[in-house]
Amino acid sequence: MNLNHTTTNREIRDLVLRERHLAVSDREWEHRLRGYGYGIRDTSEGRFVTSLLKDAPLCQIG
């Protein structure tokens with residue numbers, strides 16, 4: 001992923017889902033995402049990818 005341009009929601013979602021496929025557990029998946037600066041937040045509306053730096057939701061997954 002090229003970090004020199006603005007990342008779209010689709011690119012973020014693709015990265016998150018790819019990392020989920022590679023991880024053997026939810027814990028490992030969340031650890032892998034932290035390396036990219038992302039986190040997962042479960043809400044009543046569903047799961048959201050969040051930015052760890054801004055603590056803001058970026059896009060919804062599943």
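Trainee: What makes this an open sheet of three strands, and in which order do they come?

Mentor: In this predicted model, the strands follow the order 1-2-3, with antiparallel pairing. At the edges are strand 1 (38–43) and strand 3 (56–61), each of which pairs on one side only. On average, neighbouring strands are turned by 35° against each other, direction ignored.

Trainee: How do you know that strand 1 and strand 2 pair?

Mentor: Two strands count as paired if at least two bridges join them. Strand 1 and strand 2 (residues 46–51) have six bridges in the antiparallel sense, so they are a pair. Within this pair, Thr 43 stands opposite Gly 46.

Trainee: Why are strand 2 and strand 3 called a pair?

Mentor: The cut-off is at least two bridges, and strand 2 and strand 3 have five, so they pair too, again in the antiparallel sense. Here Phe 48 faces Gln 60 in strand 3.

Trainee: What lies between strand 2 and strand 3 in their hairpin?

Mentor: Four residues lie between them, and Asp 55 in the turn has a positive phi of about 50°.

Trainee: Which strands does helix 2 touch?

Mentor: Helix 2 (residues 26–36) packs on the sheet and touches strand 1, strand 2 and strand 3. Touching here means heavy atoms within 4.5 Å. The direction of helix 2 makes about 130° with that of strand 1.

Trainee: And where does helix 1 lie?

Mentor: Helix 1 (residues 9–22) lies across strand 1, strand 2 and strand 3, and runs at about 70° to strand 3.

Definitions and conventions
Residues numbered from 1 in each chain as written. Predicted model: local features only at pLDDT ≥ 70, side-chain atom pairs only at ≥ 80, totals over all residues. Heavy atoms only, no water. Helix = DSSP H or I, 4+ residues; strand = E, 2+ residues; numbered from the N terminus. Axes fitted to C-alpha atoms, helices over the stretch in contact; angles between N-to-C directions.
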